[in-house]
Amino acid sequence: MHRCSGCLEFSRIPVHFPLTKREAWFGLASVFYRQHLLWHRSPVTQSLSTSGVSQAARSRPVAMVQAKARVLCPSRLRASFSRVPHTSAHTKCRVQASASSKVATFGEGKQASIALAAAVMTSFSFFDRTGAMARAFATSSLISAACGVLAIPILKAVEAGQFVRREGPQAHLSKSGTPTMGGCFFVPCGVMVACVMAQWSLGVIALSIATLLYAAVGFVDDRMILVKKNNRGIPPQLKFALQVAVGMAYLVWLKCNSAPAAFQNIPVIMGLTVPVGVAFWPLALFTLTAESNGVNLTDGLDGLAAGTCAAAFAGMGIAILQQGCNSIAVFCACMAGACIGFLAHNSHKARVFMGDTGSLALGGSIAMVGVATNSLLVLFVTTFIFAMESLSVMAQVLYFKHTKKSTGEGRRIFRMAPFHHHLELGGWPAPPSGLQETRVVSVFYVLSVLLAALGVLCGYWIQ
């Protein structure tokens, strides 16, 4: 039997008394030799050997042990044998501790994702009595998760590893090299299942094509990051221009395939409307670009963007289902399912990141759903997390530039932007020691589910 005490493990071994003097000194010498091996294999000794310390200084602890052995008498051998370092017990305990830590990490990383998937599935089953949205959600989740099993080894083979910026949280540096561009497999899964489940509706096909175009923009950016081997992809101006071009292309199609007076007013609470006229189209273009960038900024922790997008898609789908937009509601269910399937590989600790390929596609698609159904108020409520993340970055940059210009020293509102990094590093309202990554993600999941429920209520009040 053995027990662990801190980092050392001790084994109680049987000793038969009385011992001869020769046997006692032989056993004691073997104990000190094992202690000598443990010392020289320890990280402390390895660090000393690489720091230029002399051989005499490194051997001093062993000499002290040997000197102590000379004064020990056999009569005290019983006490010396009561606690003896045992290498095999040490190894066994470390293996068991490592296995238990992996189990704990698995539980922390997956519990929130499973709870979120159950909440989305329950809401679809409750609000859609036909079961179409629940079937679409389940099908898309399973296909997306299965495609991830096949796609992740391919991404590793092509060395599509993430480059983590050194200015970010230091705990994230260990994520460098994790495969990225995960949007390459779960976004096409979502749109293909949506087209099939919606019986190839023209509106869903247009949404799917535009979503894939947003994914293509992100793919180009991710590819340039891998080529340059740093965290800078295509120039921001070019990336913004491509996002605007995709948004304008979809809005042109929407304008050509809708009634002339379809988007003149924006409905709000209790049947009230806000007349906007032709200003609707610039507002819609701003919404598409802002949402796609908002999700891109939110994609900073394991499972954060995928989980919050799943809740937002679920809220949007249920809200527009009350308006009779059944095919687009099925599209939302499929995209929510694709996000949940991706979470099987992206929740802590992530085996793959979605990259800009996934984040731009998710943000653009959910914004297009809000624009196509004229549900901008519901869209703003359900995706408020993405707006909050974007505003935190804008406020941080503007305040830093203002204080740099006025006082000569740039100051910050948050410890780090976006806001989820602020919580991770211990900024208010988080404790000073900061929140664990999984805890921050869980808090955002709860907030996204509450916002989705509020969006459903807004959709009900609009009618």
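Student: Is N374 buried or exposed?

Tutor: N374 counts as buried, because its relative accessibility is 12%, and buried here means under 20% relative accessible area, with exposed over 50% and partly exposed in between (1.4 Å probe, protein chains only). Keep in mind that this is a predicted model, in which local features need pLDDT of at least 70, side-chain atom pairs count only at pLDDT 80 or more, and totals for chains, interfaces and linings use all residues. Residues are numbered from 1 along each chain as its sequence is written, and side-chain values use heavy atoms, with hydrogens and water left out.

Student: OK, and where does N374 lie?

Tutor: N374 lies in the loop between α14 and α15 (376-382), where helices (H or I, at least four residues) and strands (E, at least two) are DSSP runs numbered from the N terminus. The phi of N374 is near 55°, a positive value in a residue other than glycine.

Student: Which loop holds W200, and what is its phi?

Tutor: W200 is found in the loop between α8 (183-197) and α9 (202-228), and the phi of W200 is also a positive value, near 55°. Most residues other than glycine have a negative phi, and most peptide bonds are trans.

Student: What joins H348 and K349, then?

Tutor: H348 and K349 are joined by a cis peptide bond, with omega about -5°, and K349 lies in the loop between α13 (326-346) and α14 (355-372).

Student: New topic: what does T180 touch?

Tutor: Not counting residues up to four places away in sequence, T180 touches L155, A160, G161, Q162, V352, F353, M354 and G355, a contact being heavy atoms within 4.5 Å. T180 sits in the loop between α7 (132-157) and α8, and T180 counts as buried because its relative accessibility is 4%.

Student: How many residues are in the largest nonpolar core?

Tutor: The largest nonpolar core has 98 residues, and those with the most contacts inside it are F124, F186 and L362. Such a core is a set of buried Ala, Val, Leu, Ile, Met, Phe, Trp, Tyr and Cys residues joined through side-chain atoms within 4.5 Å.

Student: Which residues is F186 in contact with?

Tutor: Leaving aside its neighbours within four places in sequence, F186 is in contact with S144, A338, C339, F342, M354, G358 and L362.
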